[in-house]
Amino acid sequence: MSKVQEGLLYSESHEWVRVEGPNAFVGISDFAQEEMGDITYVDLPDLDNVLKGEEFGALESVKASSDLYSPVTGTVSERNTDLENAPELLNEDPYGSWIIRIHMSNPAELDELMDAEAYAKFIGQ
Amino acid sequence: MRYYDKLIFECSKPGRTGYSLSGEWKDASLGLDASLLRADAPLLPQVSEVDVVRHYTNLSQMNFGVDTGFYPLGSCTMKYNPKINEELAALPAFQGLHPLQDPATVKGACAVLEWTDRLLAEITGMKHFTFKPCAGAHGELTGLMILREYHLSRGDLARTKIIVPDSAHGTNPASAAVCGLEIVEVKSNAAGLVDVEDLKPLLGPDIAGIMMTNPNTLGLFEKDIKQIAALVHGCGGLLYYDGANMNPLLGAVRPGDMGFDIMHLNLHKTFSTPHGGGGPGSGPVGVAERLVPFLGVNTSGFHGNFGVIVRSLAYILMLGKQNVRLAGRLATLNANYIKECLRDAYKLPIDSVCKHEFVFDGLIDDGAREGKAGATTLDVAKRLLDFGFHAPTIYFPLLFHQALMIEPTETESLETLDEFVAVMHKIAREAAEDPDILHAAPHNAPISRPDETTAARNPILKIQDEN
């Protein structure tokens, strides 16, 4: 049974978003890290613009590699470079390990994401 | 096995050599100018001849291949490769060929290509083949370039999308993406086949074609193929046949008759040449008559892996028409035999007659009890190694969570199949009684379970200096 953290927003591609003012912190859900298995590599983006739904990076695990999709449009303003040397943080603490911070240019897009309850239903829990 | 865990460099002892030079040869400079001589000795292992021979002989004995034992690796068609293929490919007139030789001096090799072309065309219902592609995925890319050239030559520039079933080999969407096509997925239905109702709304003037494997990766024959071909052709698209699973159809059904326009064959699978680390591949691409003008798309300078083509021609000629057909039928019979023998112990997600392979979805009783984890497909695969069998393909196709994909091929005897079935039953009993036996497997292999996570996170890519 995967954990779904209250207070976050979720995308159908299993990213979570924590909103702080104009900023969106983006990570992957507990369900996503369980499906991936042990994550071995995190490919972080440049500090640049991203569109909602666009690939911004990728994860590799012993089982698979998987693209990361931006849940919102904006500018990547910070990257969690700790993950480059310790990708296992995404397995150990998926909701405490954000991957990028996006300065949002269209916060209205947040309305299209799921809340915790809807996401739990989405992953069949 | 003394050196199995060492590199040849780690066997090195200063001053040890495999030769002894005397007299004038001791001066290795041979009168060369000092500027051409290196200051430091090269970092080569210092070992005696017997060290080298034992090191590599021991390593070679750790190999597992189809010459060693049963290799039911689903989707890979690990059939036995007759040694006569090797003898013929090793004929000096073939082996000594140079790709830039004057064509007038290689008429025999040209005849091999033409002869193989004719036989493959007869087997598949295509008009002609190109032998340039050096592997299956290379063939896919070549075939898709032909497909795109066809549309472009007609001024049909809007066909940018290609349909790929959710059960496809991963190379299909990958090849399409490399070819610049956008991938549209079509779902499988409950019977494990392409869902025709899901396909219909996808078709339109933007569809370049569909890529299909038949039988598909679940080992099931796409029985609606004629209807699918009519629908795709109706919207102006072409049909691409991934020949990875051609083996069971040999001499029975032809992709050309099913309505496919372009296809590749994996000669190294269906036509019996060493592969999977044992040798190079060959993925010739065949096309229907109207596409022959596009067969020249350039994805390789030469005629592929020629030695593989010689081996495949030898294989087809040795079998003859009747036995080519028998090979496909026996591959199908063997797969169905194992499936029916094991369905009491392993979950069969789709209950129907399979072709050359089939997929289980893990154990029926995996031994999971209160507070105790059950045995997974990975554990079953690892345990099989203890009994001297190669593991089946696991966790593919992605449609099932515990996929275990078995392809026995036609070259195995009933005795081998029965031994495998007995071992699979034994493993299922062990799992139900004490899954920890499986969790700790393999018990008899030179290494147990490599720590893949640590290896991927902290790879050690350089020789460790023992000093």
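How many residues does the contact take from chain B, and how many from chain A?

## The contact between the chains

The contact takes 4 residues from chain B and 4 residues from chain A, in what is a predicted model. On the side of chain B that touches chain A, the residues divide into 1 nonpolar, 1 polar and 2 charged.

## The six-stranded sheet of chain A

In chain A, 6 strands form an open sheet whose order is 1-2-3-9-8-5 and whose pairing is antiparallel. Its edges are strand 1 (9-10) and strand 5 (49-50) of chain A, each of which pairs on one side only.

Within this order, strand 2 (residues 15-20) and strand 3 (residues 23-28) of chain A are joined in the antiparallel sense by 6 bridges, and A:Glu20 has A:Asn23 of strand 3 of chain A standing opposite. Further along, strand 8 (residues 74-79) and strand 9 (residues 100-104) of chain A run antiparallel and share 5 bridges, with A:Gly74 opposite A:Met104 of strand 9 of chain A. Strand 8 of chain A also pairs with strand 5 of chain A, again in the antiparallel sense, over 2 bridges; here A:Asn49 has A:Thr75 in strand 8 of chain A as its bridge partner.

## The three-stranded sheet of chain A

Chain A also holds an open sheet of 3 strands, in the order 4-6-7 and with antiparallel pairing. Strand 4 (39-43) and strand 7 (65-69) of chain A are the edge strands, each pairing on one side only, and the twist from one strand to the next averages 25 degrees.

The pairing of strand 4 of chain A with strand 6 (residues 55-61) of chain A is antiparallel and rests on 4 bridges. One residue pair can be named for these strands: A:Asp43 has A:Ala58, in strand 6 of chain A, as its bridge partner.

## Domains of chain B

For chain B, the domain assignment gives domain 1 (3-60), domain 2 (83-320) and domain 3 (328-455). Between the C-alpha centres of domain 1 and domain 3 of chain B there is a distance of 46 Å.

The crossing of helix 4 of chain B with helix 11 of chain B is left-handed. From helix 4 of chain B, the contact draws on B:Ala109, B:Val112, B:Leu113, B:Trp115, B:Thr116, B:Leu119 and B:Ile123, and from helix 11 of chain B on B:Phe306, B:Ile309, B:Val310, B:Ser312, B:Leu313, B:Ile316 and B:Val324. Sorted by class, the residues of this contact are 12 nonpolar and 2 polar, with no charged residues.

The axes of helix 5 (residues 136-153) and helix 6 (residues 171-178) of chain B come within 9 Å, and they too cross at roughly 45 degrees, so helix 5 of chain B is oblique to helix 6 of chain B. Helix 5 of chain B crosses helix 6 of chain B in the right-handed sense. The residues that make the contact are B:Gly136, B:Ala137, B:Glu140, B:Leu141 and B:Leu144 on helix 5 of chain B, and B:Thr171, B:Asn172, B:Ser175, B:Ala176 and B:Val178 on helix 6 of chain B. By class, the contact of helix 5 with helix 6 of chain B comprises 5 nonpolar, 4 polar and 1 charged.

## Backbone exceptions in chain B

Most residues other than glycine have a negative phi, and most peptide bonds are trans. B:Ser75, which is found in the loop between helix 1 (49-61) and helix 2 (83-89) of chain B, has a positive phi, near 80 degrees.

A cis peptide bond, with omega about -5 degrees, joins B:Phe396 and B:Pro397, and B:Pro397 has its place in the loop between strand 9 (393-394) and strand 10 (403-406) of chain B. The peptide bond from B:Ala441 to B:Pro442 is also cis, with omega near 0 degrees; B:Pro442 lies in the loop between helix 14 (436-439) and helix 15 (452-457) of chain B.

How values were computed:
Residues numbered from 1 in each chain as written. Chains lettered and ligands numbered in written order. Predicted model: local features only at pLDDT ≥ 70, side-chain atom pairs only at ≥ 80, totals over all residues. Axes fitted to C-alpha atoms, helices over the stretch in contact; angles between N-to-C directions. Parallel < 35°, antiparallel > 145°, perpendicular 65-115°, else oblique. Left-handed = near helix turned anticlockwise from the far one by under 90°. Contact = placed C-beta atoms within 7 Å. Nonpolar A, V, L, I, M, F, W, Y, C, P; charged D, E, K, R; others polar. Domains from an automatic or database assignment. Pairing = 2+ DSSP bridges.
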